[in-house]
Amino acid sequence: MRYFVGIDIGSTAIKIAIIDENDDLVGYKISASGSMFYKYAKETLADLLRSLDLTEKQIVYTVATGYGRKLFKEANEKISEITANAIGARAAAKGECEIRTIINIGGQDSKAISIDNEGNVVNFAMNDRCAAGTGKFLDVVAMNLEIGVDELGKYHFMSQGTPLSINSTCAVFAESEIIGLLGNNHSIEDIVAGVHYSIAKRIIKLVKRVGIKDAIYFDGGPALNEGLVNAIENELSKEIYIPKHPQITTAFGAAILARESYGYLQNS
Ligand code: ADP
């Protein structure tokens, strides 16, 4: 059996997906990008191969994507994260729904991608100027509230009444706003729900720029946060599709492209 690697070097996390010739996900690994993208990417891949009992020789083609993709010199090919995300989302939802809109929230940016019925990217919009609608913002909020980022969902659903409104448009000001809310005796639960709704409103503005078409797919690390998913669904008045492994969609898409490119080279 031959195997194909997709490696997504994001601003916050490195995601690696390995698939087989049938596009089945064989394994994946997520680790922090840190300050040495290349070194950590190499180590993450070596760890993943070891855990799956695979050798480097069994990997016949590798595609790198994401913010740090240019640094991964061993990759056979490099592609933009928009293309990889679209391929991965369609494949992850295959047999369940036809994806036409992707919402991706990453560590330091957020994107809305519109795809046609053949999976081609027809439009995209990105916000990378302000951290207020990104994973970094959620990390800062969780840190200020002294809870884990993976606990935000739980606190969201414990909030009672109308979520607080968080008005700051910049993560640094939002941080002081949150500290002010704590000082005024607002609960952690209500602040968390308020943060989720403020991100949801911001992301919907971005999605409207490309047009909202069903089915809507949400990925990136923050899609693991069920509270944020709930806020986006409520603001949109629509259900959104969350894949089984939302954080690795783009790496999965890169792995599928690796399998396709390898097949093309073999046949040409
Ligand atoms: P990038 O591709 O830009 O590196 P990711 O899509 O990997 O970003 O998302 C990273 C963000 O995902 C983190 O900043 C964090 O806020 C969020 N995240 C990671 N794991 C979890 C989790 N278990 N629950 C909720 N949020 C998470």
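**Entry 1: second largest pocket**

I began with the second largest pocket, whose lining takes at least three residues from each of domain 1 (1-93 + 245-268) and domain 2 (99-242); the domain bounds come from an automatic or database domain assignment. The model is predicted: local features need pLDDT of at least 70, side-chain atom pairs count only at pLDDT 80 or more, and totals for chains, interfaces and linings use all residues. Residues are numbered from 1 along each chain as its sequence is written, and side-chain values use heavy atoms, with hydrogens and water left out.

I looked up the volume of the second largest pocket and noted about 520 Å³. A pocket here is an open set of points on a 1 Å grid over the protein atoms alone, where a 1.4 Å probe fits, with protein on both sides within 12 Å along at least five of seven lines; lining residues have an atom within 4 Å of a point. Grid points are joined across faces, edges and corners, and the volume is the space filled by probe spheres set on the points.

I found 27 residues lining the second largest pocket, with D23, A91, A92, F252 and I256 closest to its centre. The elements giving two or more residues to this lining are α2 and α8, and α2 gives the most, with six. Helices (H or I, at least four residues) and strands (E, at least two) are DSSP runs numbered from the N terminus. By class I noted 12 nonpolar, six polar and nine charged residues in this lining. Ala, Val, Leu, Ile, Met, Phe, Trp, Tyr, Cys and Pro count as nonpolar, Asp, Glu, Lys and Arg as charged, and the others, Gly among them, as polar.

**Entry 2: largest pocket**

I then turned to the largest pocket, which holds about 830 Å³ of space. Its lining has 44 residues, and I105, G106, G107, G221 and P222 lie nearest its centre. Elements that give two or more residues to this lining include β1 (3-9), β2 (13-19), α3 (135-144) and α8 (249-267). I noted 14 nonpolar, 17 polar and 13 charged residues in the lining of the largest pocket. Domain 1 and domain 2 each supply at least three residues to it.

**Entry 3: whole chain**

I noted eight helices and nine strands in the chain. Buried residues (under 20% relative accessible area, 1.4 Å probe, protein chains only) make up 52% of the 268 residues. Of contacts (heavy atoms within 4.5 Å) between residues at least 6 apart in sequence, 64% join residues at least 24 apart.

Notes. Buried means under 20% relative accessible area, exposed over 50%, partly exposed in between (1.4 Å probe, protein chains only).
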